[in-house]
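The sequence and the structure are shown first.

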There are 2 protein chains.
Amino acid sequence: MKLGFIGFGEVAQTLSNGLIDHGLKVLTCTDGRSHKSAESAKSTGVYLCSTYSELAKSCDILLSAVIPAEAVNVAKNVGKNFNGIYVDLNNVSPATINEASTYIAEGYTVDAAIMGSIKNGLKTPIIASGPRAEIFAELKNYGMNIEVIGSQLGQASGLKMLRSAYTKGVSALLFESFYAAFQMGLDEILWRYLSQTEGSNFKDSSVSRLKSSTLHSHRRAQEMEEVSKFLSKYEDPLVTRATSEFFHHLHDKLGYISEKPTDYRDVFRKFKKNSF
Amino acid sequence: MKLGFIGFGEVAQTLSNGLIDHGLKVLTCTDGRSHKSAESAKSTGVYLCSTYSELAKSCDILLSAVIPAEAVNVAKNVGKNFNGIYVDLNNVSPATINEASTYIAEGYTVDAAIMGSIKNGLKTPIIASGPRAEIFAELKNYGMNIEVIGSQLGQASGLKMLRSAYTKGVSALLFESFYAAFQMGLDEILWRYLSQTEGSNFKDSSVSRLKSSTLHSHRRAQEMEEVSKFLSKYEDPLVTRATSEFFHHLHDKLGYISEKPTDYRDVFRKFKKNSF
């Protein structure tokens, strides 16, 4: 089996490293990609095709791992030359997966989503759905951690969005309730009382969420807009829409932050200062 | 020490039972209260005063445990005849506590909030704040479970509201994300993936939250409106306001429900049916 990566950022590099170690032939094409991606592909030891058309013709499985905005375009570019399994591993919505799939032979797109940090290497959990998801899942033989969750496109990317709606909503709620608690000098007591119902690890995991919220506020605001659109198919997503507004508001007040804050209370102080 | 209850519902009855067992003299007045309250007071063995004025004059501590809408009025009615510690144990906002306190001698109001189910009897955690909260906390000598969290009115009732903002917001988020997951046939997989980050008890506690949301949707919608007003002092409560709207919406679709549903998916089915 031959696997080709479209895009060679951190995801592709990490998975390639592990897959090559397991004896799989991995290819990519760095035409038009960044210098960094090209260097990284060379050093990882993947086979470099000179064109995307050559890459598409040489592989049984193509794995798209690009930035969300490019997801549809890359499917369009390789689709006509490709007869294998096209795996969209991008962080995009079910609607985008469906759009990308229109450029791929009917039934040959797999919806895949990364469900943890890619820093876990080949063991990073990946969920997949689509009529041929089981064929993609054969990469488990080369050490990947893939779970097929259904036979329809949109299930894997949808599940990832639903998980995100919940966890990012919780982060927004944490900020809203603990910001007021901090202003009242009651944050330590609130941690303690909430830990009684939310579990002993509540404070540690929540503080980590508060910190990462400030680091990624702009991206999350946009992500939650996408999730809202997706949820609108099923219901009026009142809380998720508010979560998106919250992250926009947070970004307005704090701007881009390059380093994780060491103390969540510093974030509250800065938020307060910029609120007046 | 003599303790008087204003109002004799489940809270007063439960605490009286325990306090009398510990040898405290407990009084109340059932003038104008429901027949049920009067019967309950008699059977508990509390001393019955014929008027509120007699009750106020006979007690060192008065404990108000009435419905939220009556909280200010009862303070107004007893305040002029009372020289002891007035404990407002009602489920009301800091603003209401402050309003009630204007009818009580300056500095003699204690803000108190029940932080668990009263079914735990005398052991039910109660938090208290205010300049004389420590005097109220001496009831720990009679078996009560009181923690003084500060010396200002509004801290105890405020902390309870903050906890509520978080837990009820989580309930709304659970409904929003799992309703869509259920429609997609992915609810079981979403439980599993969220349990990886939210803890092993996540599904059980969340299912219980989903069920109790449907049972108390109307009350929660109103409670979250109060919490929104309270939070507005500190920030624009985007998520809490959405939580209130969510519970209004839930109540519109499901109406009053008298029994806890046995399966959360039945709730989703009914919600869907009534959405068209």
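## Relation of the two copies

The same surface serves both copies, since 100% of the contact residues of chain A recur in chain B; two residues are in contact if their C-beta atoms, placed from the backbone, lie within 7 Å.

The model is predicted: local features need pLDDT of at least 70 and side-chain atom pairs count only at pLDDT 80 or more, while totals for chains, interfaces and linings use all residues. Residues are numbered from 1 along each chain as its sequence is written, and chains are lettered from A and ligands numbered from 1 in the order in which they are written.

## Chain A as a whole

Chain A has 12 helices and 8 strands. These elements are DSSP runs numbered from the N terminus, helices being H or I of at least four residues and strands E of at least two. The C-alpha atoms of chain A fill a box of roughly 65 × 40 × 35 Å along the principal axes.

Of the 276 residues in chain A, 49% are buried. A residue is buried if 20 or more other C-beta atoms, placed from the backbone, lie within 10 Å of its own, exposed if 12 or fewer, and partly exposed in between. Among contacts in chain A with a separation of 6 or more, 56% link residues 24 or more positions apart.

## The interface

In the interface, 42 residues of chain A are in contact with 42 residues of chain B. Helix 7 (155–183), helix 8 (187–198) and helix 11 (238–254) of chain A are the elements that give two or more residues to the side of chain A that touches chain B. Helix 7 of chain A gives the most, with 18 residues.

By class, this side of chain A has 25 nonpolar, 12 polar and 5 charged residues. Ala, Val, Leu, Ile, Met, Phe, Trp, Tyr, Cys and Pro count as nonpolar, Asp, Glu, Lys and Arg as charged, and the others, Gly among them, as polar.

## The sheet of chain A

In chain A, 8 strands form an open sheet of mixed pairing in the order 3-2-1-4-5-6-7-8; two strands pair if DSSP finds at least two bridges between them. Strand 3 (47–49) and strand 8 (145–150) of chain A are the edge strands, each pairing on one side only. The twist averages 30 degrees from one strand to the next. Axes are lines fitted to C-alpha atoms, for helices over the stretch in contact, and angles run from 0 to 180 degrees between N-to-C directions.

## Strand 1 of chain B and its neighbours

Strand 1 (residues 2–6) of chain B has 4 of its 5 residues buried, so it is largely enclosed by the rest of the structure. Strand 1 of chain B pairs in the parallel sense with strand 2 (residues 25–29) of chain B over 4 bridges, and B:Phe5 stands opposite B:Thr28. Strand 1 of chain B is also joined by 4 bridges to strand 4 (residues 61–64) of chain B, again running parallel; there, B:Leu3 has B:Ile61 as its bridge partner.

Strand 2 of chain B is in turn joined to strand 3 of chain B by 3 bridges, in parallel, with B:Thr28 partnered by B:Leu48. Helix 1 of chain B lies across strand 1, strand 2 and strand 6 (109–114) of chain B, at about 155 degrees to strand 2 of chain B.
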